[in-house]
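Subject: Two-chain model, handover and findings

Hello,

Here is the structure I said I would pass on. Please open it first, then read my notes below.

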Amino acid sequence: MMPSHLKLVMPVQDETPETPDDVLVARAQRGDRAALGALVQRHQRALFALCLRYVRDTDEAADLVQRAFVRAMTKLGELREAGSFRSWTLRIGAHLSLNHLRDNARFVAEDDSAERPADSDTAAALPALERLELAEQAEALRAAVRELPTKQRMTLELRVYEDLSFREIATALEISEGAAKVNFHYAVRKLRVLLGPNPDGAARRGRGR
Amino acid sequence: MTDHQKTAACAGVVERLVESGGGPLDAATEAHVGSCMACYRAMTELRDVPRVADALRAAAPDLPADERFWAALAARTTEAAAAAVTVEAARPVRSRGRWRVRLVSFGGLAVAAAASWMLMVRHPAGTQPAATPAGAAAIGAVRWPGDEANGESLSDVAELDAAGLRRLLDRLGAHAPPALAGGVADATDAADIPSDDEPRVSDEVADLDGDSLRRVATSLERVSL
């Protein structure tokens, strides 16, 4: 019988961008390194972005990505639906990030040098005062997100950044779909206060009702 | 409509409002929202979802643009995850190995306990032999009838070199009562997992039957450590 560690060098099938996650997960579980590599390639950016939003440090986020994938691969047996590998891995990443923040509470960088508005070209074209306001608002928003209860934060981020359905979010967080929607509602309710009145609100109310 | 029914209806409406993401609503939901202040407020809040989402995306940190960063991250992550898969695949074998080690340890403990018991039987209080500094010497004070008849087996064990016997004693001492283990080298967790290149004296002991184990204990008295 072939030793299990030798399976890693077995010939592998080709992976394409269309190869579903569940197929790759099954192959990776059998030691198919190419399938594992394809999973990493496919999901590392989303996972990195998530970790970076939590820890605000590129190197630490990269370490957390690696740890999240290692954890995911060692716990694959606990994954109920291979198709939800992405959301499951994101959840692992979020938990690892939260643990990292808890364990290194005193060492989290205070400056936000890693965080700049994504549309930095647009920001640079604005007058200095507006740029400052934009930066302050962005920081206030990030702070408000950090203050959200964990489930609300995860729900919000998985929905906004990863565009997951509420069903997928519910599966990832092991809550009901209704609970995921309620979490999302509460999170939005808290954050919209920071943004002030919606300039389109009056016009929309006039149209909608 | 009772309060309970209203609460249940409102929960359903809020879920539909969340699902719609501020988009158009079906007629029933529209009608409910028009008559329920709480749901109307929820609708107003949820119409801000696109604005909140835009603000969150704008406030998100930039990702590294250098493709080499992503290639390096993918390489190291794949490497680490592949290693984890390998370890995970090998885990059942390792578990069996650990179980075997535990059995060996149990065997060692049984030998130590038997030796201790025989010591007490053969040397009641007040007739103990002179105090010995090591647990091995304590074990060595045990004598059983018929030892001489088993000279061949005894000589097999006695032929172990000092290092081998010391390891055997460590194995016994790690699980022996404190009084018996005194003077024996400290046991560590690492000692439970012999390295591949280390002779497994404990494995040899584990393969011995009860009589042979007794002879091992007896033979220890004949070796000066």
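How many helices and how many strands are there in chain B? Chain B has eleven helices and zero strands. Please keep in mind that this is a predicted model.

**The two chains**

Read along the sequence, chain B is a run of α-α-α-α-α-α-α-α-α-α-α. It has 225 residues, and 27% of them are buried. Take the contacts in chain B with a separation of 6 or more: 75% of them join residues 24 or more positions apart.

Chain A has ten helices and zero strands. From the N terminus on, its elements run α-α-α-α-α-α-α-α-α-α. Of its 209 residues, 39% count as buried. For contacts in chain A with a separation of 6 or more, residues 24 or more positions apart account for 60%.

**Where the chains meet**

On the chain A side, 48 residues are in contact with chain B, and 38 residues of chain B are in contact with chain A. Which elements of chain A give two or more residues to that side? They are α2 (33–55), α3 (58–74), α6 (128–147) and α9 (177–195). The largest share comes from α2(A), with eleven residues. By type, the chain A side divides into 24 nonpolar, twelve polar and twelve charged residues.

**The core**

The largest nonpolar core has 68 residues. Which residues have the most contacts inside it? They are Leu39(A), Cys51(A), Val65(A) and Ala81(B). Note that this list holds residues of chain A and a residue of chain B. Again α2(A) stands out: it gives the most to this core, with 14 residues.

Look at Cys51(A) in the viewer. Leaving out residues up to four places away in sequence, Cys51(A) touches Ala61(A), Leu64(A), Val65(A), Gly93(A) and Ser97(A). Val65(A) is also on the list of residues with the most contacts inside the core.

**Helix pair α1 and α2 of chain A**

Helix α1 of chain A covers residues 21–29. Its axis and that of α2(A) come within 7 Å and cross at roughly 135°. Because of that angle, α1(A) is oblique to α2(A). The crossing of the two is left-handed.

Which residues make the contact? From α1(A) come Asp21(A), Leu24(A), Val25(A), Arg27(A) and Ala28(A). From α2(A) come Ala35(A), Leu36(A), Ala38(A) and Leu39(A). Seven of the contact residues are nonpolar, none is polar and two are charged. Leu39(A) turns up in the core list too.

**Leu76(A)**

Leu76(A) sits in the loop between α3 and α4 (85–103) of chain A. Is Leu76(A) buried or partly exposed? Leu76(A) counts as partly exposed, because it has 18 C-beta neighbours inside 10 Å. Beyond its neighbours within four places in sequence, Leu76(A) is in contact with Val25(A) and Gln29(A). Gln29(A) is 47 residues away along the chain, yet the two C-alpha atoms are separated by 7.4 Å. Val25(A) is also one of the α1(A) residues that meet α2(A).

**Helix pair α8 and α9 of chain A**

Helix α8 of chain A covers residues 166–173. It packs against α9(A) at an angle of about 100°, with the axes 8 Å apart. The two are therefore roughly perpendicular to each other. On the α8(A) side, the residues are Phe166(A), Arg167(A), Ile169(A), Ala170(A) and Leu173(A). They meet Glu177(A), Ala180(A) and Lys181(A) in α9(A). This contact divides into five nonpolar, no polar and three charged residues.

**Two backbone points**

Most residues other than glycine have a negative phi. Two loop residues of chain A are worth a look here.

- Asp163(A) has a positive phi of about 55°, although it is not a glycine. It is found in the loop between α7 (150–160) and α8. Asp163(A) counts as exposed, because it has 10 C-beta neighbours inside 10 Å.
- Glu174(A) has a positive phi near 55°, and it too is a residue other than glycine. Its place is in the loop between α8 and α9. Glu174(A) counts as exposed, because it has 11 C-beta neighbours inside 10 Å.

Best wishes

Conventions. Residues are numbered from 1 along each chain as its sequence is written. Chains are lettered from A and ligands numbered from 1 in the order in which they are written. This is a predicted model: local features need pLDDT of at least 70, side-chain atom pairs count only at pLDDT 80 or more; totals for chains, interfaces and linings use all residues. Two residues are in contact if their C-beta atoms, placed from the backbone, lie within 7 Å. Helices (H or I, at least four residues) and strands (E, at least two) are DSSP runs, numbered from the N terminus. Ala, Val, Leu, Ile, Met, Phe, Trp, Tyr, Cys and Pro count as nonpolar, Asp, Glu, Lys and Arg as charged, and the others, Gly among them, as polar. A residue is buried if 20 or more other C-beta atoms lie within 10 Å of its own, exposed if 12 or fewer, and partly exposed in between; C-beta atoms are placed from the backbone. A nonpolar core is a set of buried Ala, Val, Leu, Ile, Met, Phe, Trp, Tyr and Cys residues joined through C-beta atoms within 7 Å. Axes are lines fitted to C-alpha atoms, for helices over the stretch in contact, and angles run from 0 to 180 degrees between N-to-C directions. Angles under 35 degrees count as roughly parallel, over 145 as roughly antiparallel, 65 to 115 as roughly perpendicular and the rest as oblique. A crossing is left-handed if the near helix is turned anticlockwise from the far one by less than a right angle, and right-handed if clockwise.
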